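This report describes the arrangement of strands, helices and ligand surroundings in one structure. The sequence and the model are shown first.

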Amino acid sequence: MTVILTVANEKGGVGKTTTAVNLAAGLALRLRDEAAPKSRVLLIDMDPQGHALLATAYGSETVTAQESLSALLTETPPPSIQRMLRVSQNHENLFFLPSNRASMVDASRVLPTLMANESRLKNAIQPILDQFGYIIIDTPPTTGDLLINSLVASTHVLIPVETSYLGVSGLRELQRTIEEVRMHFQPNLKVLGYLPTLCEEQRAETQDILAELQKRYPKLVLSPIHKSSDLAYAHSAHMDVFTYRPPRQRDANQIESSSRPTQEYASVVEKIMKLTR
Ligand SMILES: Nc1ncnc2c1ncn2[C@@H]1O[C@H](COP(=O)(O)OP(=O)(O)O)[C@@H](O)[C@H]1O
Ligand SMILES: [Mg+2]
């Protein structure tokens, strides 16, 4: 069964996009030698900002609204999703759907007026589900139809939490949204875990937040991602960290790297594969 994982947190700047991008790339690298469809990963960018797509080295080409994700969400009948699929320039088994900022903003405005407005993404990806092992969805930092469509389409949710002041405080609203989605659409939607991000070991605040997370969500806290300029540099170079700081070794069972962020995201990839097996 295809694992469809939404990366969500209604707060901005907590590492959602960084996590979605590197998770998708790490899974693609890790599963590269598997037989298709298991080896194939799809990254869907539901944030109108389109920042996740930058890491596929896509962005220079312009797409019309009709050729992009927004049309899948709003048109009846939707255009062919099969023809819309593009392959990342960094990984031959990582795919994405082109997006266009203006038309995604329009889509978020019209969705509430459309029939089945919460299930549009779920319905749109139905025809291609059997072609992918993992589908990773990045989301905007707002509650609304784009986030709800992502959750309704998903089997799992991963929640990055910034390990700084107020990092934990905004999670209640997301939990309520997840509960609503479970009640009305997707009873099996599973929270895979909370991923501490932007950790700075030497700061007492980081330790406090990690302890607080452990207390609130025992067994659901993943091993943290530390602050690392490589993650920001990689993204501005239109790369994921596995491309920017390639692992020295990648065998059938794991990725090993001397670069800390590469190794940390590789660990998240392993954990996610284990939890979704
Ligand atoms: N672990 C990290 N170390 C350093 N910079 C990071 C890290 N995670 C994210 N960033 C940077 O922080 C900013 C916000 O991250 P981003 O992933 O875009 O968050 P969100 O999608 O939740 O808004 C970006 O500039 C990103 O490059
Ligand atoms: Mg983002």
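Within strand β5, isoleucine 135 is the bridge partner of isoleucine 4. This is a predicted model, in which local features require pLDDT of at least 70 and side-chain atom pairs count only at pLDDT 80 or more, whereas totals for chains, interfaces and linings use all residues. Residues are numbered from 1 along each chain as its sequence is written, and chains are lettered from A and ligands numbered from 1 in the order in which they are written.

Strands (E, at least two residues) and helices (H or I, at least four residues) are DSSP runs, numbered from the N terminus. Two strands are said to pair if DSSP finds at least two bridges between them. Strand β1 (residues 3-7) and strand β5 (residues 134-138) pair in the parallel sense over five bridges. Valine 3 lies opposite tyrosine 134 of β5, and threonine 6 has isoleucine 137 of that strand as its bridge partner. β1 is also joined to strand β6 (residues 156-162) by three bridges, in parallel; here leucine 5 has histidine 156 as its bridge partner. Strand β2 (residues 41-45) runs parallel to β5, with five bridges between them, and leucine 42 stands opposite isoleucine 135. The pairings are collected below.

| Strand pair | Bridges | Sense |
|---|---|---|
| β1 and β5 | five bridges | parallel |
| β1 and β6 | three bridges | parallel |
| β2 and β5 | five bridges | parallel |

Strands of a sheet pair through backbone hydrogen bonds, either parallel or antiparallel. In this model, seven strands form an open sheet with mixed pairing, in the order β3-β4-β2-β5-β1-β6-β7.

A residue is buried if 20 or more other C-beta atoms lie within 10 Å of its own, exposed if 12 or fewer, and partly exposed in between, with C-beta atoms placed from the backbone. Five of the five residues of β1 are buried, so this strand is largely enclosed by the rest of the structure. Val3, Leu5 and Val7 point one way from β1, and Ile4 and Thr6 the other way. For β5, too, five of the five residues are buried, so it is largely enclosed by the rest of the structure. Tyr134, Ile136 and Asp138 are on one side of β5, and Ile135 and Ile137 on the other.

Arginine 109 belongs to helix α5 (residues 101-110). This residue counts as exposed because it has 12 C-beta neighbours inside 10 Å.

Helix α7 (residues 145-153) and helix α8 (residues 171-184) pack at an angle of about 50°, with their axes 10 Å apart. α7 is therefore oblique to α8, a class for angles that are not under 35 degrees (roughly parallel), over 145 (roughly antiparallel) or 65 to 115 (roughly perpendicular).

Ligand 1 is surrounded by 17 residues, the closest being Gly15, Lys16, Thr17, Thr18 and Ala232; a residue is near a molecule if its C-beta atom, placed from the backbone, lies within 6 Å of it. The elements that give two or more residues to this shell are α1 (16-30) and α10 (229-236).

Note on methods:
Axes fitted to C-alpha atoms, helices over the stretch in contact; angles between N-to-C directions.
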